[in-house]
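Morning, everyone. Please have a look at the structure on the screen, and then we'll go through some side chains.

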Amino acid sequence: MLYDMNLTRVTLPKGEFLTVKADICNSWKKVRELKRLLKQFGIASESEASLRAQQAYIINDNINAQWLPLVYKDEDGGTIIKRTPWVSVKSLEDKVFQQLDGLNSLNYLKWNDAIPQDEIWRKIGGDKGGGNFKQVFQIGNVEHPNSPHNTIVTTIFQVDGSLHNLKVGLHCCLWCNITKEGMKIPLKERGRSENRTLEKLQNFNHMFVQIGAKLSEAKNFYNVIADALFNIPIDQVCPPGVHLSLGLYLKHFASFENQCHLLDVKMAKTLHHPTPESSKDFPSTTAAYTKARQLEEEANSLDEEANILIEHITNIQEEDQAQIYHSTIKQHLEERDKVVSNKYTVVR
């Protein structure tokens, strides 16, 4: 391709090769081999010293990697403690300021009607997926704050659903003190529950610790069994809208799919082995299904007859006879459309 463009040498922009190294998780040995290979095709890149300097600047001595004992489920349903690799930044504050400096140097920082001119908004989040837990942050003062390019991972470690510090109890809502049972009651009937605050969380946790931190008593302290990870006011914690929507959709879809499957099994059994008892279960559904199938066969037959007439009309020379064929074809197609319409009416 380079020769077709009359180019004999191309130099990769600064930083691109380091991105390639990170994306494909190459060692420095593999990087050297790749650089030599690209050089044979006229593609030059930065020196290894330059790449290492860029890497050192990005890391900025702010990476902490260690092995931690975490709790996992075993095959028998019990729990085991396993040494697990854990990587995180040493200082979240330093990483945030480094990101802000980079955005500011590129004039990417922006303010709007929602963000005051004297404020920088930072969003902290977490996600469990692919066998890993990831803690991230995003700077809100950019054009696309939710972009993957604006999402900086600050902690990552392997985890499963049995992590000992992730517990669910009677009071499962972060924003208020409602119970699981209370959630089942319509809002108009139960009214709003008392809101949680950082101060209330701290007080309940202090009382929970005073009684010996017994998990069996957690429900009496609104399930506040640990200190808050971040000193962030509750009203600034965003509900995970995407996860909630997907969860609700999946629940309803699975329920709908299961009911359709059960209906399909019943109908198949009734149609192939009809009995007076089985027909009584859903006679209207069975009749509609049978009628729809008959109408579909009738529509296919009319469609086939119309296609045969269309093939014959090309060989007709006399105009009067051709008009008769045209009229017959039109009649078949109109009748076909009526049959199809009746079929959909029956199905509905």
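Start with Gln-138. Leaving aside neighbours within four places in sequence, Gln-138 is in contact with Trp-121, Arg-122, Lys-123, Pro-145, Asn-146, Ser-147, Asn-150 and Thr-151. Contact means heavy atoms within 4.5 Å.

A word on the source. This is a predicted model, where local features need pLDDT of at least 70, side-chain atom pairs need 80 or more, and totals for chains, interfaces and linings use all residues. Numbering runs from 1 along each chain as its sequence is written, and side-chain values use heavy atoms, without hydrogens or water.

Where does Gln-138 lie? In strand 6, residues 132–139. Strands are DSSP runs of E, at least two residues; helices are runs of H or I, at least four; both are numbered from the N terminus. Gln-138 is buried, at 10% relative accessible area. Buried means under 20%, exposed over 50%, partly exposed in between, with a 1.4 Å probe and protein chains only.

Now the charged pairs. A salt bridge puts a side-chain nitrogen of Lys or Arg within 4 Å of a carboxyl oxygen of Asp or Glu. How many salt bridges does that rule give? Six.

Take Glu-33 and Lys-30: their closest N and O atoms are 3.9 Å apart. They sit three residues apart in helix 2 (residues 28–40), so about one helical turn separates them. Glu-33 is partly exposed at 34%, and Lys-30 is partly exposed at 44%.

Next, Glu-48 and Arg-52 form a salt bridge at 2.9 Å, N to O. Arg-32, Glu-48 and Arg-52 are linked in a salt-bridge network.
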